Protein chains: 2
Amino acid sequence: MCNDSSFMKIAINEAKISLMEGGIPIGAVLVKNNKIISKGHNKLIQNGSVILHAEMDAIENAGRLSGEDYKEITLFTTLSPCPMCSGAILLYNISRVVIGENKSLMGAEDLLRENGVKVDVLNILECRDLLLNYIKNNQLQWDSELEKVGNSTNIF
Amino acid sequence: MCNDSSFMKIAINEAKISLMEGGIPIGAVLVKNNKIISKGHNKLIQNGSVILHAEMDAIENAGRLSGEDYKEITLFTTLSPCPMCSGAILLYNISRVVIGENKSLMGAEDLLRENGVKVDVLNILECRDLLLNYIKNNQLQWDSELEKVGNSTNIF
């Protein structure tokens with residue numbers, strides 16, 4: 001049986017893969033008609049990429065889809081999407097976003113909702129714990145990344 | 001002497017490099033203190049990348065900068081930036097964007113201005129001609145890309 005919770009588990013697994021690679025544990029999955037189209041995870045640390053957030057990585061890994069495909073896609077992400085990832089969601093008319101948690105960092109959810117995207121927040125403790133443990137173990141690096149944006153908006 | 005016009009010429013040259021690679025002629029440059037930090041161009045066709053728009057490519061090619069660096073950067077782009085690229089500009093607090101043209105496709109300039117980004121449009125004919133000629137020579141492919149977003153918002 002495929003439901004939001006089971007797809008979020010795949011996104012959480014992507015977050016764990018990132019952690020195993022030495023990276024920030026944030027993962028994402030694109031789903032269409034209850035089938036996984038692509039997966040991705042944050043690659044800031046392991047690839048030195050400032051654009052390959054989990055959501056961007058999943059969108060890129062899906063390749064060139066049709067407009068009809070994009071409209072039927074749900075994006076699952078373990079963390080509330082930042083302005084860049086939210087912009088990509090709007091660009092490609094992805095109609096629904098399911099978020100693991102938004103307590104550790106809040107993304108641009110308002111921008112998504114204002115533009116008609118259905119946003120559901122599951123408030124899954126495991127998503128939050130994965131990130132907060134990473135922050136605790138990498139506090140100096142984390143502070144340095146947050147300094148880039150100078151506020152509490154999600155930058156990952 | 002370095003001014004907006006001279007940096008836009010470098011962005012236009014990036015657009016031409018993309019064209020020579022068989023890609024969409026859109027280019028971008030990041031500038032800090034009158035020095036070029038990085039360059040980039042659209043890589044949808046040549047790399048099959050749906051996230052490497054010219055602005056994203058330039059931001060990625062700049063590597064991991066500090067928050068202070070980002071604040072002092074001006075992004076030059078030959079075409080009005082799409083929602084994804086505009087989100088990236090907001091994410092990294094890039095304070096100024098100089099746009100070659102916005103007549104062929106309008107991007108998310110309002111979103112940038114609403115969030116305090118200084119946006120200047122130079123209305124350079126060469127930027128527009130490069131893109132319109134490309135569209136004319138690749139009409140079917142272009143229509144297929146526009147179908148993805150279902151409206152006239154810039155998707156490149």
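With which side chain does the side chain of His41(B) make a polar contact of 2.7 Å? The partner is the side chain of Glu14(B). A polar contact here is a pair of N or O atoms within 3.5 Å; within protein, one must be able to donate a hydrogen and the other to accept it, and residues adjacent in sequence count only if both atoms are side-chain atoms.

This is a predicted model, in which local features need pLDDT of at least 70 and side-chain atom pairs pLDDT 80 or more, while totals for chains, interfaces and linings use all residues. Residues are numbered from 1 along each chain as its sequence is written, chains are lettered from A and ligands numbered from 1 in the order written, and side-chain values use heavy atoms, without hydrogens and water.

His41(B) belongs to strand β2 (residues 35-41) of chain B; strands (E, at least two residues) and helices (H or I, at least four) are DSSP runs numbered from the N terminus. With 6% relative accessibility, His41(B) is buried (under 20% relative accessible area; exposed is over 50%, partly exposed in between; 1.4 Å probe, protein chains only). A polar contact of 2.9 Å also joins its side chain to that of Glu21(B).

Over all chains there are 6 aromatic pairs, that is, rings of Phe, Tyr and Trp (its six-membered ring) with centres within 6.5 Å; planes under 30 degrees apart count as stacked, over 60 as edge-to-face and the rest as tilted. Two of these pairs are tabulated.

| Pair | Centres | Planes | Class |
|---|---|---|---|
| Phe7(A) and Phe76(A) | 5.4 Å apart | at 50° | tilted |
| Tyr70(B) and Tyr92(B) | 4.6 Å apart | at 20° | stacked |

Tyr70(B), in helix α4 (residues 67-71) of chain B, and Tyr92(B), in the loop between α5 (83-91) and β4 (96-101), are 22 residues apart. Both Tyr70(B) and Tyr92(B) are buried, and both Phe7(A) and Phe76(A) are buried.
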